[in-house]
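User: I am new to reading protein models. Could you take me through one, feature by feature?

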Amino acid sequence: MKIHEYQAKELFRKHGLPVAPSKPVTAVGEAVSAADELGYPVVVKAQIHAGGRGKGGGIALVHDADGVKEAAERILGSALVTPQTGPEGRVVRTLLIEKASDIADELYLAVTVDRARRSIVVIASRAGGVNIEETAAKDPDAILKEWADPAIGLRPFQAHRLARKLGLPAEAIRPATKLILQLYKLFCVEDCSLAEINPLAITSQGELVAVDAKLNFDDNALFRHKGTAELRDLDEEDPLEVEATAVNLNYIKLDGNVGCLVNGAGLAMATMDLIDHVGARPANFLDVGGGATAEMIEKGFRILVDDPDVEAVFINIFGGILRCDVLAEGVVAAAKAVDVKLPVIVRLEGTNVEEGRKILNESGLAFGTAKDLREAAQMVGEAVKGAVQ
Ligand code: GDP
Ligand code: MN
């Protein structure tokens with residue numbers, strides 16, 4: 001789960017990380033009074049779940065009330081396009097008004113999971129700011145890393161070593177060491193998957209300030225953080241994904257044309273490979289789980305059919321805990337309710353498979369029932385043949 005910069009900065013404050021005074025607002029008038037209160041200059045910052053806002057015109061440094069008004073009017077309600085949003089952009093509903101920091105230098109600092117090393121890694125660079133991706137690509141040596149031992153955690157000497165290698169002025173090394181340890185602690189305590197500060201500014205007074213703040217959370221740990229879960233902004237998420245999570249379906253939208261409904265993540269992955277193998281592309285990942293009810297199947301099916309990119313639906317179920325007859329009832333109910341016009345290919349195997357097939361065959365609906373995976377794959381390929389290439 002992602003949250004907005006202003007929400008991340010609240011968590012930063014809670015964990016003692018240095019951030020400038022700021023206030024989130026949702027209207028132009030509010031923006032001006034917040035700026036008057038904070039004192040000029042201020043930075044007007046678009047709040048969307050995507051980075052690169054500076055490059056897209058979503059960050060404005062202004063020196064008076066007129067400047068705030070102009071920036072707020074321009075940004076609020078507009079669809080902000082950044083290198084990370086795609087061409088349609090994201091509608092800005094909230095602005096963060098922040099007291100401007102007097103930036104002398106911009107560093108990069110992040111904590112994330114290094115999957116290959118199976119440990120948490122702290123990443124830092126003295127070349128922070130809006131072009132960090134370029135730095136990482138062109139000059140990987142400029143990216144410094146320290147890995148935390150999973151049993152011991154990040155040790156103070158490691159944070160100190162990073163701070164020294166950043167080439168900071170002598171008086172900033174101790175505060176930087178402390179800040180790195182605080183960010184690491186926040187990452188662990190809040191169950192993050194990413195905690196990033198870019199830029200971490202050094203002001204002309206030599207102080208460190210987190211000018212930007214990005215936190216992503218491990219969804220599987222959200223049950224431990226009720227407060228965090230409430231920070232979710234549904235406006236920023238894919239509407240079909242929101243609908244799916246509401247009924248406990250594991251759904252991820254992809255860019256292909258075959259909608260697939262599968263039980264079990266492993267089978268779902270294999271199914272996506274299979275679709276690819278016959279020259280089509282999956283429109284989504286959808287794992288209905290082992291204990292899916294007819295109602296969940298119906299919901300999942302509707303989500304697939306509601307996706308305008310879907311040109312054929314492939315249902316691939318191995319009936320274990322989820323019985324094939326329950327699945328078939330759900331699919332029939334959904335297909336009748338939504339009046340599907342798309343080809344639907346079903347491959348069933350496992351518990352009560354005969355009953356399941358019977359329900360499908362006697363439903364009066366035109367399902368393509370495949371006797372095995374090979375046949376199912378062929379049918380899927382046929383169904384979208386005209387659409388591919
Ligand atoms: P992003 O483009 O979405 O990553 O947004 P950031 O919050 O990182 O802001 C982009 C850039 O705007 C920063 O790298 C800074 O150069 C500039 N900026 C942001 N806040 C301030 C500030 O308080 N003072 C100054 N001088 N520049 C700022
Ligand atoms: Mn940034």
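Analyst: Let's start with one residue. Pro 199 lies in strand E10. The model is predicted.

User: What is the peptide bond from Asn 198 to Pro 199, cis or trans?

Analyst: Read the omega angle. From Asn 198 to Pro 199 the bond is cis, with omega near 10 degrees. There is another case. The bond from Tyr 40 to Pro 41 is cis too, with omega near -5 degrees. Pro 41 sits in the loop between helix H2 (28-38) and strand E2 (42-47).

User: Back to Asn 198. Is Asn 198 buried or exposed?

Analyst: Compare its relative accessibility with the cut-off. Buried means under 20%. Asn 198 has 13%, so it counts as buried.

User: Which residues coordinate the manganese ion?

Analyst: To read a metal site, list the donor atoms. For the manganese ion (ligand 2), they come from Asn 198 (O) and Asp 212 (OD), at 2.2 Å. Now place them on the chain. Asn 198 is in strand E10 (residues 192-203), while Asp 212 is in the loop between strand E11 (208-210) and strand E12 (214-217). The pair therefore ties together parts that are 14 residues apart in sequence.

User: How many residues surround ligand 1, and which are the closest?

Analyst: Ligand 1 has 16 residues around it, and the closest are Lys 45, Arg 53, Gly 54, Ser 101 and Glu 106. Next, look for polar atoms facing each other. A polar side-chain atom of Lys 45 is 2.6 Å from an oxygen atom of the ligand. For Arg 53, the distance from a polar side-chain atom to a ligand oxygen is 2.7 Å. Glu 106 has a side-chain N or O atom 2.6 Å from an oxygen atom of ligand 1. Then ask about cover. On its own, ligand 1 has 560 Å² of accessible area, and the protein covers 83% of this.

User: Which side chain does Asp 325 make a polar contact with?

Analyst: Find the partner, then the distance. Asp 325 contacts the side chain of Asn 352, at 3.2 Å. Asp 325 belongs to helix H11 (residues 324-338). Its relative accessible area is 12%, so Asp 325 is buried.

User: Which domains does the assignment give?

Analyst: A domain may be made of more than one segment. Domain 1 is 1-20 + 102-237, domain 2 is 21-100 and domain 3 is 238-388. The centres of domain 2 and domain 3 are 43 Å apart, taken over C-alpha atoms.

Methods
Residues numbered from 1 in each chain as written. Chains lettered and ligands numbered in written order. Predicted model: local features only at pLDDT ≥ 70, side-chain atom pairs only at ≥ 80, totals over all residues. Heavy atoms only, no water. Donors = N, O, S within 2.8 Å, 3.2 Å for Na, K, Ca; no water. Helix = DSSP H or I, 4+ residues; strand = E, 2+ residues; numbered from the N terminus. Buried < 20%, exposed > 50% of the residue type's maximum accessible area, 1.4 Å probe, protein only. Domains from an automatic or database assignment. Near = heavy atom within 4 Å. Polar contact = N/O pair within 3.5 Å; in protein donor to acceptor, adjacent residues only side chain to side chain. Areas by Shrake-Rupley, 256 points an atom, 1.4 Å probe, with all protein chains shown as cover.
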